[in-house]
Amino acid sequence: MKTLNKPAFRRLRPAAFALLLTALPFALEQASSYFTHIAISILIFAILALSLNVIIGYAGIFALGHAAFFGIGAYTAALLMMKGELSFWLALPAAAVAAGLFGVLLGLAGIRLRGDYLAIVTLGFGEIVRLVFVNGGKVTNGPMGIPGIPAPDLFGYALTRKTEFYFLALLLLLFTVFVIYRVVHSGIGLSLMTIREDETLADSIGISPVRFKVFAFALGAFFAGAAGAFWASYISYISPDTFRYLDSVNILAMVIVGGIASIPGSVLGAAVMVLAPELLRFVNDYRMLLLGLAIVLMMMFRPEGIWSEKRRRVHVYRQSER
Amino acid sequence: MNRKLGWIPVLLALLMVLMTACGGKEENSSSGGTIQIGLAAPISGTQAQYGEALRNGAELAARQINEAGDIDGKTVKIVVEDDKGDSNEAVNVANKFANNKDILALVGHFNSSATLAAAPVYNRNRIVHISPASSAPGVTDAGDYTYRVITTDAFQAKFLADWSKELGYQKVALIYEQSDFGLGLLDVYQSAATAHGIEIVAAESYLPGAKEFSTILTKIKEKRPDAVFIGGFYNEAALIASQAKKLDLRTDYIGVDSLYSRALLELGGESVENFKLIGFFYPGGNNEQATKFRDAYVEAYGKEPDTYAAYAYDAASILIEAIRQNGADREKIKAYLDTLKDFPGATGSLTFDENGDVQTVPQKLIVKNGAFALYEG
Amino acid sequence: MFLQQLANGLTIGMIYALIALGYTLVYGILKFVNFAHGDIYMIGSFIGLFLIERLHMPLIPAFVTAAVATAIIGMIIERVAYRPLRTADRIVPLISALGVSIFLSSLAQKLWGTGTHPFPASFGSVTYNVGGLIFSQIQLLILVLSFALMIGLHLFVTRTRIGTALRATSLSITNAQLMGIDTNRIISLAFAIGSALAAVAGIMVGIYYNAVYPTMGYMAGINAFTAAVLGGIGSIPGAMLGGLLFGVIENFTGAYISTPFQSVITFSVLIVVLLIKPTGILGKKEILKV
C-alpha cells in the first residue's frame with residue numbers, strides 16, 4: 001500500500017479511476033450483459049443511498065420509507081412519458097421535483113416529532129404511498145403495474161444497449177455526487193450537522209431546524225425521484241412491488257454499512273448490498289438473517305459504517321431522561 | 001484512513017473487470033453433455049411454497065426424460081434461479097438467463113408482475129419463456145417469446161360465471177385478493193356474471209397474505225348470497241371458509257384453479273366441503289397424463305402435487321419436446337412452440353394461440369368427503 | 001352487524017392492548033421504541049404453536065411456558081442488542097432494533113418456512129349465539145384473559161414494591177439508582193413482562209385466526225404501536241385504552257370502507273395523533289430539559 005500512496009501514484013488515481021469506469025461497461029458487456037446490469041444497479045442504488053444519507057447521515061433523521069420517493073419518481077416519470085407523451089429528459093426532472101415536493105410534505109409533517117416517532121411516521125408514509133400505487137385504479141394501473149415504459153430518446157435515437165444506460169446512470173450519479181458534495185460542504189451542510197448534533201442548541205443560535213430538516217427531506221427525495229425515473233425507463237416496467245418496506249430497508253442497509261454521512265460510503269454501501277447477494281448466492285437462504293445480524297453488530301462495533309466521515313464516532317452521551 | 005480507503009473504488013472496479021474476464025470465459029465454454037433449461041421462480045420469500053412446487057414439477061419432467069435417455073444421449077438439466085417473487089430481482093434473473101448462451105429456454109416466472117418485468121429482457125434477447133402461473137391479461141401482449149400454459153384470468157373467470165349461471169346462483173358475493181391476480185378475476189367475473197343476470201351483492205378485497213376475514217364475512221353475511229366467489233389462493237380460501245363457519249355464515253363457495261391444492265383441504269378441513277372450483281389439473285379423472293404425473297410426483301417427493309407443480313411440469317415437458325424434435329437451438333424451440341397443438345399435458349390438451357396463450361378446456365371439480373372429485377351434473 | 005363488528009373490534013383491541021403494553025413499558029423507562037417487539041410477539045406465537053402442536057401440551061401450561069420462554073428471549077435481546085448502546089446517539093439503538101426485527105423474522109422463516117401454520121383444529125371452534133351475535137370460545141378467552149392480565153399488571157405496578165420500583169425508574173433512571181434500585185434489573189423486567197404479554201397475545205391470535213406466520217409481527221407491531229401512541233405512550237392505562245379504541249376503529253374501517261384501507265387508517269391515526277396531541281389521550285405532557 002505504501003508504494004501505491006506515493007505522490008506520483010496518488011495523482012494518477014483519479015485518472016485511473018475515471019478510465020476504469022469508462023472502460024468497465026464494455027468489458028462487462030463482453031462477458032455478459034448481466035454484469036452490466038449489475039453495474040447499472042449499483043450506480044442507481046448508489047444514488048438512492050446518497051439521497052437517503054442526506055436525511056439520515058447529515059440531518060440525523062432516521063427515515064424509513066425512502067423507497068416511496070423512489071416509487072413516486074418512477075410512477076411520475078412513467079405516467080408523464082406514457083400518458084403525457086413527455087420525453088424522458090423532461091420527465092426525469094419533473095419526476096424528481098414531484099418526489100421532492102412529497103419530501104417537503106413529509107418533512108413538514110414530521111418536524112416536531114422526535115426520532116423514534118418520526119421513524120414510524122416515515123415508515124407509515126412509505127406504506128401509504130405504496131397503497132396508493134396499489135389502489136390507484138385507472139391512474140397507476142394498480143397491482144398490474146405499468147409495462148412498456150419507453151426508453152430515453154436522444155434526438156431520435158432510443159437507448160437500447162446496456163452500455164448506453166450505464167453511461168446515463170453514471171452521469172446521473174456524478175451529478176448527484178456533485179450537488180450533494182457542494183451542499184454538504186457549504187453553510188447548509190454545517191447547519192444540518194449542527195442540528196443533527198444538538199437540535200435545541202442549533203435552534204437557540206438561530207438555525208431553524210424546521211427549515212433545514214425539510215430541506216434535507218426535499219433534497220433526499222429529489223434525487224431518489226430522479227433515480228426512480230431512470231429505473232422506470234430502464235426496466236420499462238414498474239409495479240407497486242418494486243417499492244416496498246423491504247426495499248426501504250435495503251437502501252437503509254446500504255447507508256448504514258457503507259458509512260453514515262459519507263459520500264464514498266454510500267457508493268460503497270450500494271456496491272456491497274448489490275454484489276453480496278450475487279457473490280454469496282450459496283447463503284441466499286440466510287441472506288436476511290445475516291443482514292439483521294450484520295446491522296446489530298455494526299451498531300455495536302462500528303455504527304458509523306465502513307467508510308465514514310472523519311471524526312464521527314457515534315459516541316455522544318445523551319441524557320436518557322427528560 | 002481516507003488515503004488507504006481511496007483505493008477501494010479503484011480496486012473494486014478492477015476486481016469487476018477481472019471477474020468478468022474470467023467469468024466470461026467460463027460462460028462461453030460449451031457445456032457439452034447437458035441441455036440446460038432455466039427455471040425462474042420464487043424460491044425464497046413469501047411465495048416460496050409455490051416456487052418449490054414449480055421446481056418439483058419441472059425437475060420431475062427433466063428426470064423422466066433423462067431416465068428414458070431420449071435426447072441424443074444428453075441429459076436435461078433444470079437451472080434454477082430465485083426471483084424472490086420480486087419484479088426487480090426478476091429482471092436480474094432474466095438478464096442472467098438471457099445472457100447465458102447455454103440456457104436454451106426457460107420456465108418462468110410465477111408472479112405476473114415478475115413475468116411482465118422480465119419479459120422485455122427475454123424478448124429482446126430472443127429466448128423463449130413459458131410461464132406456469134402468470135395469469136394476468138397483460139402477459140398476452142408481453143412479446144413473441146412469451147408463452148404460458150396457464151389460461152388467463154379472463155378465461156377462467158368467464159367460464160366460472162357461465163357455470164354459476166348453470167348452478168342457478170342469483171346472488172353472488174365476491175371476495176378477492178387485492179393484487180393483479182384478484183383484480184383481474186374480479187373484473188371479468190363481475191361483467192360476465194352480471195350479463196347472465198346474476199346479482200353481485202358484495203365485492204370485498206383483502207390484501208395478499210391476509211389472515212383475518214371476519215370483518216369482511218360479517219358484511220357479507222348480511223347480504224345472504226347464494227355463493228361466494230373467492231378470487232385468490234388456497235391459503236386464504238381455507239381461512240375464509242373456516243372463519244365463515246365460525247360466524248355461522250352458510251353459503252356455497254366457488255373459485256378458479258388457484259384453489260386446487262392439498263393445502264386447501266388440510267387448512268380448511270370440514271369447512272371447505274362442497275367447494276366448487278374449476279381446475280385444469282385433476283388426477284384420477286379423464287386425463288391420463290394427470291394421473292401419471294401425480295403418481296410419479298408422489299413417488300419422487302412423497303406428497304401430492306398442486307396445480308402449479310403440474311403447470312411447471314407441462315411447461316418443462318413442452319420445452320423438452322421442442323428440443324427433442326427441433327434441436328437445441330433457441331429459435332428452433334420457438335418455432336416448435338408456435339405450432340404446438342393438442343400437446344398431452346397433465347393440465348389438459350394444450351395448444352398455443354398466436355399470442356402464446358394456451359387454449360385448453362377446464363374441468364369442473366368439487367370437494368367431497370375431504371377430497372377433490374369431478375363435479376357430476 | 002354493527003354489534004358484531006363492535007364485538008370483533010373489541011376482541012382484536014384486547015390483543016393490541018396486550019402488545020401495546022410491551023411498547024409502553026419499555027418506552028416509559030428508556031424512551032425507546034422497541035422496533036422488534038412485533039417480532040417478539042410472533043416468536044411467542046410460534047413457540048406456543050410448537051408446544052401445542054408438537055409436544056401436545058395442554059393450553060394453560062403452553063401459555064405459561066411460551067410466556068416464560070419469550071420473556072427470556074426478550075431479556076436476552078435487551079442485554080445483547082440494546083444495553084451496550086444505551087449511551088450512544090438515539091439513532092443507534094433504533095437501527096439495532098431494526099436489525100433485531102429483521103433477524104427474528106428471518107429466523108422464523110428459516111425455522112418454520114414462510115407458509116402459514118394452522119393451530120390444531122380442536123381449539124376455540126365452539127361458538128355461542130347470543131341473540132344474533134356470534135361469539136366463539138376463543139373470543140371469550142381473549143376478552144377474559146386479556147382483561148385479567150391487564151388488571152394483574154395494574155395491581156403489580158401499583159401495589160407491589162417491584163412495581164413501585166418500575167414506576168420510579170420510568171420517572172427518572174438516575175434518581176431511581178440513587179434510591180438504591182438496580183435499574184438494569186428493572187429494565188430487564190420491563191422487557192420480560194412486555195414480551196410475556198406479547199407471547200400470550202400471539203398465541204391467542206394464532207388460535208383466533210388459525211394462522212401463525214413469520215411476518216405476522218410487522219403489521220401487528222405497527223398497529224399496536226399506533227394504539228399505544230393513541231392511548232398515551234408511557235402510560236399503562238393508556239396502552240389499554242388505546243388498544244381497545246384502535247381495535248374498534250380498525251374494524252369499523254374494514255367494515256364500512258374496506259379491509260385494505262385499514263393500514264391507511266393506521267398510519268393516518270398515528271400521524272394525526274402525533275400532530276395534534278403527541279402524548280396521546282391519557283399521556284402526560286413531557287417537559288424537554290435542555
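**Note on the predicted model: core, domains, sheet and chain contact**

1. B:Ala316 and B:Leu319 touch the most other members of the largest nonpolar core, which has 346 residues. Such a core is a set of buried Ala, Val, Leu, Ile, Met, Phe, Trp, Tyr and Cys residues joined through C-beta atoms within 7 Å; buried means that 20 or more other C-beta atoms lie within 10 Å of the residue's own, exposed 12 or fewer, and partly exposed in between, with C-beta atoms placed from the backbone. Because domain 1 (34-150 + 287-359) and domain 2 (154-279) of chain B both contribute residues to this core, it lies between them.

2. This is a predicted model, in which local features need pLDDT of at least 70 and side-chain atom pairs count only at pLDDT 80 or more, while totals for chains, interfaces and linings use all residues. Residues are numbered from 1 along each chain as its sequence is written, and chains are lettered from A and ligands numbered from 1 in the order in which they are written.

3. Not counting residues up to four places away in sequence, B:Leu319 touches B:Ile37, B:Ala105, B:Val107, B:Ile130 and B:Ile333. Contact here requires C-beta atoms, placed from the backbone, within 7 Å.

4. The centres of domain 1 and domain 2 of chain B, taken over C-alpha atoms, are separated by 29 Å; the bounds come from an automatic or database domain assignment. In the contact between them, 9 residues of domain 1 of chain B meet 10 residues of domain 2 of chain B. The domain 1 side comprises 2 nonpolar, 5 polar and 2 charged residues (nonpolar: Ala, Val, Leu, Ile, Met, Phe, Trp, Tyr, Cys and Pro; charged: Asp, Glu, Lys and Arg; polar: the others, Gly among them).

5. Chain B holds an open sheet of 7 strands with mixed pairing, in the order S7-S6-S8-S9-S10-S14-S15. Strands S7 (199-206) and S15 (371-374) of chain B are at the edges with a single partner strand each, so one side of each has no neighbour in the sheet. Strands (E, at least two residues) and helices (H or I, at least four) are DSSP runs numbered from the N terminus, and two strands pair if DSSP finds at least two bridges between them.

6. Within this part of chain B, S8 (residues 227-231) and S9 (residues 252-255) pair in the parallel sense over 4 bridges. B:Phe229 stands opposite B:Ile254 in S9(B).

7. The contact between chains A and C takes 38 residues from chain A and 41 residues from chain C. On the chain A side, H5(A) gives the most, with 10 residues.

Definitions and conventions:
Two residues are in contact if their C-beta atoms, placed from the backbone, lie within 7 Å.
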